[in-house]
Amino acid sequence: MEIFCKAGIISLRSLAIHPRNLFSLIFRVLPKLLCHSTGLLLKKFGEDGRVHPPSVGTSLGRMPELPQDILMDIFSTLEIPDLVRVGSVCSAWRSAYNSLRDNGQYKRSQTPCLLYTSESAGENVVCLYNLWEKRTYKLTLPEPPIRSRFLIGSSHGWLVTVDDRSEMHLVNPITGEQITLPSVITIEHVNSIVNKSGVVPKYELSYHTARQMVYKPSDPEHVKLHVKPTFDKFEVVRKYEPTERMVYYEPAVFAVDELRERLHYKAFVFPETSKGSYIVALIHNPLNQLSFARAGDGKWTWLPPYTEYEDCSYKNGLLYAFTIVGEIHAFDLSGPVITRKMIMGMMEDVIPDNIYIVHAPWGDLLNVWRVVDNEDATVDPAVHLLSTIEIKVNKVDTTAKRLEELKCFHDHVLFLGHNQSLCLSAKDHPHLKANHAYFTDNNKLYTRGYKNGRRDIGVFNLESNNRDKLLSPQPWSNWPTPMWITLSLAKLKMK
């Protein structure tokens with residue numbers, strides 16, 4: 001297929017655009033191309049019905065350059081690697097690419113890439129393995145070197161990183177944009193220790209939570225403290241007030257580069273579309289508590305009193321958070337006062353190794369369990385071999401307060417790990433394996449240490465409970481831990 005621009009005739013094959021995109025390109029733009037060609041013919045045949053010669057500057061035998069709206073229609077069907085390539089062809093194509101990107105019109109669903117580093121690639125370079133093209137791209141990121149950072153999350157095209165002073169940054173590997181998040185000392189549990197020279201060589205980490213299950217309700221009839229919440233019987237607490245702190249251990253002191261080994265677990269970036277802003281949610285120690293910050297905030301806001309959070313999602317102004325015992329909390333962050341609603345109570349008897357919250361394309365809220373096994377209990381703790389042996393998908397029935405196991409998941413695909421949990425349509429992404437979960441590590445040991453441990457990465461068949469290797473031989477370094485990222489060209493507003 002050939003397209004015309006000011007630089008001449010360009011073949012899509014010469015741009016290395018993936019063949020699967022060619023059919024969608026043709027069928028999407030064919031009606032407009034026909035209309036455009038019809039208009040050109042009408043201009044050639046004047047009102048008198050006679051054929052008029054071409055005007056000066058028009059080359060015989062060559063179609064004129066395509067209008068920008070048609071170029072944008074074509075480009076909007078491409079995934080980001082192809083889109084970036086066509087945007088570099090000529091000025092006209094660059095203009096269409098810029099308009100598509102800057103006007104928010106580019107909404108093509110992206111295939112997640114595996115992001116990893118490699119010692120041979122360099123300290124500032126990340127590698128992106130594209131599942132669609134089955135090829136790897138290398139991108140240079142801004143300082144500090146990515147291989148010196150901890151990677152604690154990725155969502156909506158952004159990485160959340162922690163540098164060697166335990167401070168957090170957002171990085172977009174496609175645009176190179178980097179944003180500094182509020183200082184670690186603004187987290188509820190962290191204090192700085194300043195020496196005589198005014199330098200901060202150490203941090204103090206407090207091991208406290210807000211006391212749980214102690215309420216001061218406005219209506220005592222809504223509280224039954226002696227009934228264990230389950231899926232079948234759960235009493236809603238309308239209002240609560242956490243009382244005094246519960247201290248588990250004495251505060252500990254860490255060097256500035258050691259705090260990240262104890263504090264950070266998992267982070268997420270969620271756009272607030274209505275406000276043109278964003279929210280960053282952070283799961284952190286002690287006991288996997290939850291804090292968040294908005295664009296322009298100078299500090300982190302603590303969300304007590306619960307602990308043991310495992311995963312987060314965001315939709316329509318609500319921050320959804322899963323705990324390891326299966327509770328689902330919804331924090332309404334849209335108003336001046338933050339409120340919390342219990343969507344689901346704790347599970348009975350079953351506690352998986354990892355639990356995920358996923359908004360399905362058809363509208364349901366999904367609860368995904370992941371069970372891992374230590375392949376050799378006698379192995380050197382510094383190596384620590386974990387292997388995923390089971391993944392189960394459940395639908396959350398928010399009315400009945402219970403889970404319904406989904407036996408059939410044939411038309412969809414999961415992406416699980418230290419990224420925002422994703423459920424994609426296999427019809428929209430036919431190059432992915434339907435009824436499978438693509439997974440990477442999701443373990444504190446791997447994000448904060450165990451640099452020599454083999455990573456738990458692969459493709460899991462949800463029907464047969466069998467797993468396959470993603471790539472062989474392994475191209476990635478074990479540190480920082482690899483993770484899935486969905487590429488994005490969007491820029492975040494600072495305020």
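**View 1. Aromatic pairs across the model.** The structure holds 10 aromatic pairs; rings of Phe, Tyr and Trp (its six-membered ring) pair if their centres lie within 6.5 Å. This is a predicted model, where local features need pLDDT of at least 70 and side-chain atom pairs count only at pLDDT 80 or more, while totals for chains, interfaces and linings use all residues. Residues are numbered from 1 along each chain as its sequence is written, and side-chain values use heavy atoms, with hydrogens and water left out.

**View 2. Phe150 meets Trp479.** The ring centres of Phe150 and Trp479 sit 5.0 Å apart with planes at 90°, so this pair is edge-to-face (planes over 60 degrees apart; under 30 is stacked, and the rest are tilted). The partners are 329 residues apart: Phe150 is in strand β6 (residues 150-155), and Trp479 is in the loop between β29 (466-468) and β30 (483-485). Strands here are DSSP runs (E, at least two residues), numbered from the N terminus. Phe150 is buried at 3% relative accessible area, and Trp479 also counts as buried, at 10% (buried means under 20%, exposed over 50%, partly exposed in between, with a 1.4 Å probe and protein chains only).

View 3. Phe415 belongs to strand β25 (residues 412-416) and Tyr438 to strand β27 (residues 436-439), 23 residues apart. Phe415 is buried at 0% relative accessibility, and Tyr438 is buried at 5%.

**View 4. A ring cluster.** Phe268, Phe270 and Tyr314 are linked into a cluster by ring pairs.

**View 5. Arg260 over Phe150.** Back at Phe150, Arg260 lies over the ring face, 4.1 Å from the ring centre. A charge sits over a ring if NZ of Lys or CZ of Arg is within 6 Å of the ring centre and within 35 degrees of the ring normal.

Key:
Helices (H or I, at least four residues) and strands (E, at least two) are DSSP runs, numbered from the N terminus.
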